[in-house]
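Subject: Two-chain model, handover and findings

Hello,

Here is the structure we spoke about. Please open it alongside this note, which says what turned up.

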Amino acid sequence: MPLLEVRDLCKDFGGLRAVSNFQLKMEQGEIVGLIGPNGAGKTTVFNLITGLIPPTSGSIIFQGENLVGLPPYRIAAKGIARTFQNIRLFKDMSVLDNVRAILHVHNGYGFWDAALHSPRFAKKEEEILARARELLEVVNLETRSRDPARSLPYGDQRRLEIARALALRPKLLLLDEPAAGMNPREVASLTELIRFIKDKFQLTVLLIEHQMGLVMNLCERIVVMDFGEIIAEGTPHEVSNNPVVLEAYLGKGAVVNRC
Amino acid sequence: MERYFCTLLRRRERVRLALLGGLLASLYGALKLLSLAGLINEYWQRVLDQALITTIGALGLSIIYGFAGQFSLGHAAFYGIGAYTAGIIGKVWSQGSITFFLLALLAGTLAASFIAFLLGIPILRLRSDYLGIATLGFGVIVRVALENSNRFYPPLGGATGMTGIPQVANFDWIFWFTVGTLILVCNLIASSYGRAWLSIREDEMAADTLGINTTRYKITAFVLGCGLAGLAGGLYAYRYPYLHPSSFDFLKSFDFLLIVVLGGLGSISGTVVTAICWVFLLEGLRIILGQAFVDWRGVIYAVILIVTVLLRPQGLFSGKEWRLLFPSRDQDGTWGKEGKHASLRG
């Protein structure tokens, strides 16, 4: 059984079909890239999978269960975590609390435990603190735990978003342009980080990215979208030699000239 | 190493609790001594009690607006609901017994919470400004209902106000209720609840997508904050012999809002200090301006708010939180990192 199976997913915004008949099957442990020109509907697919917007039609089956109609927080708790294209950290919270806030989803305690700081609360909080430190170590931010998230440099903010997503103990991680705005050295270390967390936390990763270096390097399989539709699918090599893909990216003339 | 660290933290936590307890007890003792020595007369004792009651209500709004980021302009309505609920129980059934007083406080708190719950489910979907308008409207409804309450039940007094509630609440009760509230609020802020509220204030969509049940936490914050307003109202009813709908109108809501904004959004220490200073400032102005104070009040409020928002939009206490209030474990937490004012949000 595939971990995630998206069938015939469509989304209309008014008269505009943003996503049309989107199909995707992901097996446990895969890294799949989702690429396409700006406005192709990639982020809309993420928003549909995470339940932020309801699909017009189609189904999203995760571990044998249809997610359509569930509120975002329930989908997240089932094991789908994401990062955002335009970083959405809890900016005025400390780096540590950005991670801790999400750790509670699986490590909760009751209202009265919290109000009275009961022994159960103390025990859980110690676990949460240790776990948060561990996750911050993974992304190399353990020394900045006190600082407000907004004070981090751009690349670190992206990494903190990944740590925060990992706090959810996801099975499927959706990364929306994780390398946007990074310099080549940061991209290299990000590539390594994604490989590392994929193995360490046994993740399945679906990532949107424009930096082809990272995509070609990481992904075993690439799905290309344009105008809401899948126009090609295959290994990095197949996709990068597909004339339809080149046309979508560079325009019709580019392909003709090449021939 | 980890175990050693935990033991160390627990020891520091015990020291913190002992220090905090000692400080609060000595503060109580000092105030009692001053009042016994005759240095605090009946008038200033009333002002001090009002300051503490306002603190309880303001802490409620601090949770709702300062931490959870839900802009409420109707806080005084819940203060009024608590006051009238507790008051009518005292007036009709009790002859000043302590048990009834405590039961009435509980009833006032629960009534405010319950109405907040019913109101919160539909209106907490709204975002900042819209939520402000909805709560403002609710405040007006409550005031009008209180003014006409004698038509449903004459002892409520309607527009002439309600008298005849036994004056059971003294400084001791009010002081320890304030301390209890303060500890309860600090404990919650330093827990998953506080972090969830902050995450909603910071970015509701991200919180939702990352597994936080934002609706539930927003309603919890609203119900709890309004419940505290109800508790404050109950104490008010048993401390001051006269309840009138105009004590619970929009201007009073604005009082609470000013305290929370001036103190710095997301700062408990700021809320407490500003609440106390605010009440004393108003009394001071009342003495200086005399009868003219009532006319000038609106102007003074507006000037103070404009000046603060221009000069110090993050509030007086942003960036500082009294560390003793929060567990040692939490020193890497978000304490004192200020929030933004609703209108400044993008």
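A definition to start: helices (H or I, at least four residues) and strands (E, at least two) are DSSP runs, numbered from the N terminus. On that basis chain A has 11 helices and 10 strands.

Conventions next. This is a predicted model, in which local features need pLDDT of at least 70 and side-chain atom pairs count only at pLDDT 80 or more, while totals for chains, interfaces and linings use all residues. Residues are numbered from 1 along each chain as its sequence is written, and chains are lettered from A and ligands numbered from 1 in the order in which they are written.

Chain A overall

The C-alpha atoms of chain A fill a box of roughly 70 × 40 × 35 Å along the principal axes. The radius of gyration, taken over C-alpha atoms, is compared with a globule rule of 2.2 Å times the number of residues to the power 0.38. For 259 residues a compact globule would come out near 18 Å, and chain A has 20 Å, which agrees. A residue is buried if 20 or more other C-beta atoms lie within 10 Å of its own, exposed if 12 or fewer, and partly exposed in between, with C-beta atoms placed from the backbone. Buried residues make up 46% of chain A. Two residues are in contact if their C-beta atoms, placed from the backbone, lie within 7 Å. Of the contacts in chain A with a separation of 6 or more, 65% join residues 24 or more positions apart.

The sheet in chain A

Strands pair if DSSP finds at least two bridges between them. Four strands of chain A form an open antiparallel sheet, ordered β2-β1-β4-β5. β2 (16-26) and β5 (65-66) of chain A each have a single partner strand, so one side of each lacks a neighbour in the sheet. β1(A) and β2(A) are joined by 7 bridges. Phe13(A) has Leu16(A) as its bridge partner. The hairpin of these strands has 2 residues between them, and Gly14(A) takes a positive phi near 60° there. β1 (4-13) and β4 (57-62) of chain A pair over 5 bridges. Cys10(A) has Ser57(A) as bridge partner, and Val6(A) stands opposite Ile60(A).

Where the chains meet

Contacts link 30 residues of chain B with 39 residues of chain A. On the chain B side, α1 (2-36), α7 (171-189), α8 (192-202) and α9 (204-209) each supply at least two residues. α8(B) gives the largest share, 7 residues. Helix α3 (95-103) of chain A has 9 of its 9 residues buried. They pack against α5 (119-138) and α6 (154-166) of chain A, together with α8 of chain B.

The core

A nonpolar core is a set of buried Ala, Val, Leu, Ile, Met, Phe, Trp, Tyr and Cys residues joined through C-beta atoms within 7 Å. The largest has 175 residues, and Ala163(A), Trp197(B) and Leu235(B) touch the most other members. Helix α10 (214-239) of chain B gives the largest share of this core, 14 residues. Leaving out residues up to four places away in sequence, Trp197(B) touches Ile63(B), Phe67(B), Ala68(B), Tyr217(B) and Ala221(B).

One more residue

Ile115(B) lies in helix α4 (98-123) of chain B. Ile115(B) is buried, with 21 other C-beta atoms within 10 Å. Ile115(B) and Cys226(B) are 111 residues apart in sequence and 8.7 Å apart in space, C-alpha to C-alpha.

Best wishes
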